[in-house]
Amino acid sequence: MIELRDVSVVRDGVEAMRVAHLEVKSGQRVGIRGGNGTGKSTLMRVLAGLIPPTEGTITGLPRLGRIVLLHQHPYLFRGTAHDNVAYALRVQKKPEAGARDWLARFGAAHLADRPAAVLSGGEVRRVALARAFCVEPDVLLLDEPFAALDEDGAEALERELTAFSGTLVIAAPELSATEFDRVVDLIREPDARGRHIDTV
Amino acid sequence: MSFLADGFVEAWRLITSGSPEVFHALGVSVLCTLLAITLAALIAVPYGAWLGLFRPRTGRAQVFALRVGMAFPTVVIGLLVYAMFSRRGFLGSFDLLYTRAAIITGEFVLAFPLLGSLAHGAAASLDRRVTETALTLGATRGQALRRALGEIRPAIAAAYLAAFGRCITELGIAITVGGNLRMRTRTLPSTIQWELTRGNFAAALAPGLLLLGLACAAAVVTHRLSREAQR
């Protein structure tokens, strides 16, 4: 179980995110809902162990590589779509031959040999999703994963999310509470510079 | 006017006839420069990139030291290397003063801060998602550093060529620790200096034209790589 207590992140003197208490139990599906600038992406990066909190404690974080974050705007490395997925498999010491299959699962098999630099926003997301899922992590953190996906892409993602058995955290401005075990709202306190988290 | 024209004609003749002295100096210059900057790049580029990507606690001081190193006068670098390799220096027993190895050492010292600083700049301005993505996919810090180096490859190549341009035209180090020995440690810049002191304008111009060609080629490639890096 991942647990955050009194966690805040301060950047250049401004509080980017504050969470009084958050628990993510093993195998749970947690939605993090919040408008623009409420600190969703910062919280996801804290949960991924990529940035340390300025204050507070975090316990139960799996090591990097077992907890995978898909950024709100995913970054594809230089090279082809295939190279990107193969890289993830390589660092996980898995056979790179599986890269095309993972791309196919997100309807991106035809993009395999295209340079990442020429892909559209939706295509980048499909490749980045294939790259994140191929790791088969214990915890998957997806920051606005449906953004820029067309109907086919969204269906493929829904299918993979249903099949995923690990812990899942999805951050987005709008989330349906019925699809998650828990949905927490990140809200901006109107009279304070900081934000706090509240459970719905 | 005829002095200049005659000089060019004679210089061109020296080049096209394959003057052994000029082409030996070209060989020494290119060999020493390539070895020095390649050795420097092997250490300075990962080091500079590491400073830019992972921002260690003493990173600012180290970047400052690299920048001071970039501004170091080359004659002073030559003096320091001279002090190292002179008989009373701590590496004097190796008897390397006035050899190509001494020139390579001096140019290594010259190129290191330049390569380190440029690699740091490129890495520091790299999108933080590169290392974050690599780390979150399970890469070690070393693997993430290698990935980041791959992303800034054009900038690294441009830094390499900038170091080439700086070292190939270097005179202070070549004379101070190379000794300007004919057919041994004489480089293109030191040939120019030597021939000019003897009043041989055409003989000075021939290596000058070769040097100009090399520097222009390095500048063109650097420019192209810089444009690619900006894409």
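Which residues line the largest cavity? The views below come from a predicted model, in which local features need pLDDT of at least 70, side-chain atom pairs count only at pLDDT 80 or more, and totals for chains, interfaces and linings use all residues. Residues are numbered from 1 along each chain as its sequence is written, chains are lettered from A in the order in which they are written, and side-chain values use heavy atoms, with hydrogens and water left out.

**View 1. The largest cavity.** Its lining consists of Glu21(B), His24(B), Ala25(B), Arg182(B), Met183(B), Arg186(B) and Thr191(B). A cavity is a set of points on a 1 Å grid over the protein atoms alone where a 1.4 Å probe fits but cannot get out; lining residues have an atom within 4 Å of a point. The volume, the space filled by probe spheres set on the points, is about 50 Å³.

**View 2. The contact between chain B and chain A.** Chain B gives 19 residues and chain A gives 22 residues, where contact means heavy atoms within 4.5 Å. About 1,900 Å² is buried between the two chains, counted as accessible area (1.4 Å probe) lost on being put together, summed over both. Arg129(B), Thr136(B) and Leu137(B) supply 36% of the area that chain B buries against chain A.

View 3. Glu132(B) pairs with Arg45(A), with the closest N and O atoms 2.2 Å apart. A salt bridge is a side-chain nitrogen of Lys or Arg within 4 Å of a carboxyl oxygen of Asp or Glu.

**View 4. The second largest cavity.** About 30 Å³ of space lies here. Residues of both chains line the second largest cavity, among them Arg131(A) and Thr133(B).

Note on methods. On a 1 Å grid over the protein atoms alone, a cavity is a set of points where a 1.4 Å probe fits but cannot get out, and a pocket is an open set with protein on both sides within 12 Å along at least five of seven lines; lining residues have an atom within 4 Å of a point.
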